[in-house]
Amino acid sequence: MYAITVEDLVKKFGDFTAVNNLSFNIESGEVFGLLGPNGAGKTTTISMLSTMLKPTSGNASVNGFDIRTNEDDVRKSIGIVFQDQSLDEELTAYENMDFHGRLYRIPKNVRQKKIIELLELVELDDKKDNLVKTYSGGMRRRLEIARGLLHEPKVLFLDEPTLGLDPQTRNHLWDYIEKLNKEKGITIILTTHYMEEADKLCHRVAIVDRGQIIALDTSEKLKNDIGGDVITIVSQQKDDLYSIIRSLSEIKSIEVHDNFITIGLQNAEKHVAKIVTMASENGITIESLSIHKPTLEDVFLHFTGRTIREEEASTKDKMRMMMKGRR
Ligand SMILES: Nc1ncnc2c1ncn2[C@@H]1O[C@H](COP(=O)(O)OP(=O)(O)OP(=O)(O)O)[C@@H](O)[C@H]1O
């Protein structure tokens, strides 16, 4: 059974198309990732699915409810944790949860029990009476996730759940997200520009670029399609090198980029000497050469010819954290 169906979904802001004809389905109980660089249209997509934004055209349903005509039922059946923090710093964790539970009109006795159970799940029960302003970034994010689950949604939307968190806290949060999915069977749709996050957490990944899905499958399958290993060669004479080695039968894929070539092939270490010899015999200088197992970055590069621009992403992280610090 599908928790989410999306058909030809489009969102335009004036002349600009932020989401361009997306179609995909998410199985009930799946952890599904939208992976892509900043501005790819990930947040816009989940904003439409959570009924915070109206689509320009197309159809989608969440838990069987139409996002255009059945907004209230969609909202009641989902939990949302968006990028911008929405906790009340001057309240305790328990009070933040309680306030949310009242908004959803959860009866007091059920509410009290559920709050403790969820705070235990994210291991914040012993800090429940501390003010949120004393919490670390990771604790706040855990609390937001617990709060998003209070009304027992079947589907949870997480927009960049670990944005700006340090690697250790990020790992920790991944464990909670996995636990939620396994223990509670909640369908999770998350957006991320961290490839390791999509790789680690998601059963299937949709790689999004410029408003479109450019690849969708399990991370394993996406990476296997590139070839068993990837050789990256930096050379000023990349075009010459390309023409010399392109017809080697062991090469599964070969692409020329700005100042380097990527080659997908099985058992790279067996063939690398031959490639270097061919280069040298033809007077081609290799500046550097590396071999690695394919990552989702390679998949992105393969489909778009660009990298996911981690640098740009991390600059944006820093800006966001600075803005949060100022509040
Ligand atoms: N309200 C809006 N008005 C005009 N343009 C918008 C609006 N919201 C988003 N956009 C544009 O739509 C594009 C997609 O934005 P979106 O936030 O969905 O990207 P994203 O993949 O989630 O990236 P990020 O992680 O940076 O949020 C961007 O170019 C953004 O500038």
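1. Strand S4 and strand S5 (residues 65-66) run antiparallel and are joined by two bridges. Helices (H or I, at least four residues) and strands (E, at least two) are DSSP runs, numbered from the N terminus, and two strands pair if DSSP finds at least two bridges between them. In this pair, Val62 faces Phe65 of S5. The hairpin of S4 and S5 has two residues between the strands, and Asn63 there takes a positive phi near 50 degrees.

2. Basis of the note. The model is predicted: local features need pLDDT of at least 70, side-chain atom pairs count only at pLDDT 80 or more, and totals for chains, interfaces and linings use all residues. Residues are numbered from 1 along each chain as its sequence is written.

3. S4 (residues 57-62) also has strand S1 (residues 2-13) as an antiparallel partner, with five bridges between them. Within S4, Ala60 is the bridge partner of Val6.

4. Domains. The protein chain is divided into domain 1 (2-222) and domain 2 (227-293); these bounds come from an automatic or database domain assignment. Between the C-alpha centres of domain 1 and domain 2 the distance is 41 Å.

5. Six-stranded sheet. Six strands form an open sheet with mixed pairing, in the order S6-S7-S8-S3-S9-S10. Strand S6 (78-81) and strand S10 (212-217) are at the edges with a single partner strand each, so one side of each is left without a neighbour in the sheet. On average, neighbouring strands of this sheet are turned by 15 degrees against each other, direction ignored. Axes here are lines fitted to C-alpha atoms, for helices over the stretch in contact, and angles run from 0 to 180 degrees between N-to-C directions.

6. Within that order, strand S7 (residues 155-159) and strand S8 (residues 187-192) pair in the parallel sense, over five bridges. Leu156 has Ile188 in S8 as its bridge partner.

7. Four-stranded sheet. An open sheet with antiparallel pairing has four strands in the order S12-S13-S11-S14. S12 and strand S14 (288-292) are its edge strands, and each pairs on one side only. Neighbouring strands of this sheet are, on average, turned by 15 degrees against each other, direction ignored.

8. Partners of S13. Strand S11 (residues 229-234) pairs with strand S13 (residues 260-265) in the antiparallel sense over six bridges. Val234 is opposite Phe260 in S13, and Ile233 is opposite Ile261 in S13. Strand S12 (residues 251-256) also pairs with S13 in the antiparallel sense, over five bridges. In that pairing, Glu255 is opposite Thr262 of S13. The link from S12 to S13 is a hairpin of three residues.

9. Helix packing. Helix H3 (residues 93-103) and helix H4 (residues 108-121) have axes that come within 10 Å and cross at roughly 130 degrees. H3 and H4 are therefore oblique to each other: angles under 35 degrees count as roughly parallel, over 145 as roughly antiparallel, 65 to 115 as roughly perpendicular and the rest as oblique. The crossing of H3 past H4 is right-handed. A crossing is left-handed if the near helix is turned anticlockwise from the far one by less than a right angle, and right-handed if clockwise.

10. For H3 and helix H5 (residues 137-148), the axes come within 10 Å and cross at roughly 30 degrees. H3 is therefore roughly parallel to H5. H3 and H5 also make a right-handed crossing.

11. Ligand shell. The ligand is surrounded by 13 residues, the closest being Phe13, Ala18, Asn38, Thr43 and Thr44. A residue is near a molecule or strand if its C-beta atom, placed from the backbone, lies within 6 Å of it. Strand S2 (16-27) and helix H1 (42-49) are the elements that give two or more residues to the shell around the ligand. H1 supplies the largest share of the shell, three residues.

12. By class, the shell around the ligand has four nonpolar, seven polar and two charged residues. Ala, Val, Leu, Ile, Met, Phe, Trp, Tyr, Cys and Pro count as nonpolar, Asp, Glu, Lys and Arg as charged, and the others, Gly among them, as polar.
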